[in-house]
Amino acid sequence: DAEPGSDRQFQFVRAFAQLASTSEQLDTVLALLDERAPLDGLDIDTDLGWELLISLAAGGRATSEEIETALTEDRTATGQQSAAHARAALPTAEAKTAAWDSVFKAADLPNAIVRATGLGFLRAHDRSLLVPFIDRYFDSLLAIWNSRSYAIAEEIIEGFYPAPLASEPLRAASRHWLEQHPEAPAALRRLVTEHVAGVDRALAAQAADARLADG
């Protein structure tokens, strides 16, 4: 119902694409991208096209080949970032591992690519895909901190913490790392402490929701 061509219409479409998870919702995203369900006044430009494709990738409705095809049509810096985001969002263990390795095993990626890859990595409708990376994350912290620039290290530590899990195992692993590394750099400990606080808030919210659901 938004006014055709308005910023509100554009923002609604972006938000819908970011949140789409059901088969019906992803059908709508695909129809928008293919322009089979056009909205009056909505221009599917290159950037919005990428957002729709990333949504489909996260939902398992786009392939790595389709991502590469889109990249051949947009060889800009933004296109490279969007392709990294889309690849990392693919909902398979192999794609998540490839995204992780591309950042943790390579020290020459630009900050923007690291950030985009982290965004895609954490975009998981099936959050169990992130569980195997809890231990890998904490096992890598000191090595990343000591081997990368501060800006890149912070980007990795912020961008790959598996916060969407918001689980007791994640909270326990975070606290255990802090207990086992009292001499770690203060800035690194601060980042982990902030993550724990976020998990604490999420778990408290989950508990409150459960109490309301129980009546």
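**Exercise 1. Describe the overall build of the protein: which elements occur from the N terminus on, and how many helices and strands are there?**

Solution. Read from the N terminus on, the elements of the protein run α-α-α-α-α-α-α-α-α-α-α. The model, which is a predicted one, accordingly holds 11 helices and 0 strands. Next, take the extent along the principal axes, where the C-alpha atoms fill a box of roughly 60 × 55 × 30 Å. Then turn to burial: of the 215 residues, 40% count as buried, the cut-off being under 20% relative accessible area. Finally, consider the contacts with a separation of 6 or more, of which 67% are accounted for by residues 24 or more positions apart.

**Exercise 2. Examine helix 1: what span should its 13 residues have, and which of its residues are buried?**

Solution. Begin with the length. At 1.5 Å a residue, the 13 residues of helix 1 should span 18 Å, and because the end C-alpha atoms are 18 Å apart, expectation and model agree. Continue with the buried residues of helix 1, which are Gln9, Val13 and Ala17. Seen down the axis of helix 1, these buried residues fall within an arc of 70°, so they line one face of the helix. The general rule behind this step is that an α-helix has 3.6 residues a turn, so residues three or four places apart point the same way. On the other side of helix 1, Asp7, Arg8, Phe12 and Leu19 are exposed.

**Exercise 3. Characterise the largest pocket: what is its volume, and which elements give two or more residues to its lining?**

Solution. The volume of the largest pocket is about 400 Å³. Its lining comprises 17 residues, and those closest to the pocket centre are Leu33, Gly49, Leu53, Ala70 and Glu73. Two or more lining residues come from each of helix 2 (23–33), helix 3 (46–58) and helix 4 (64–72), with helix 3 giving the largest share, 5 residues. Sorted by class, the lining of the largest pocket has 8 nonpolar, 3 polar and 6 charged residues.

**Exercise 4. Repeat the analysis for the second largest pocket: how much space lies in it, and how do its lining residues divide by class?**

Solution. About 290 Å³ of space lies in the second largest pocket. Among the 15 residues that line this pocket, Ile54, Gln81, Ser82, His85 and Leu119 are the closest to its centre. At least two lining residues are supplied by each of helix 1 (7–19), helix 3, helix 5 (77–89) and helix 7 (111–122). The division by class gives 5 nonpolar, 5 polar and 5 charged residues.

How values were computed
Residues are numbered from 1 along each chain as its sequence is written. This is a predicted model: local features need pLDDT of at least 70, side-chain atom pairs count only at pLDDT 80 or more; totals for chains, interfaces and linings use all residues. Side-chain values use heavy atoms; hydrogens and water are left out. On a 1 Å grid over the protein atoms alone, a cavity is a set of points where a 1.4 Å probe fits but cannot get out, and a pocket is an open set with protein on both sides within 12 Å along at least five of seven lines; lining residues have an atom within 4 Å of a point. Grid points are joined across faces, edges and corners, and a volume is the space filled by probe spheres set on the points. Helices (H or I, at least four residues) and strands (E, at least two) are DSSP runs, numbered from the N terminus. Ala, Val, Leu, Ile, Met, Phe, Trp, Tyr, Cys and Pro count as nonpolar, Asp, Glu, Lys and Arg as charged, and the others, Gly among them, as polar. The expected span of a helix is 1.5 Å times one less than its number of residues. Buried means under 20% relative accessible area, exposed over 50%, partly exposed in between (1.4 Å probe, protein chains only). The arc is that of the directions from the helix axis to the C-beta atoms. Contact means heavy atoms within 4.5 Å.
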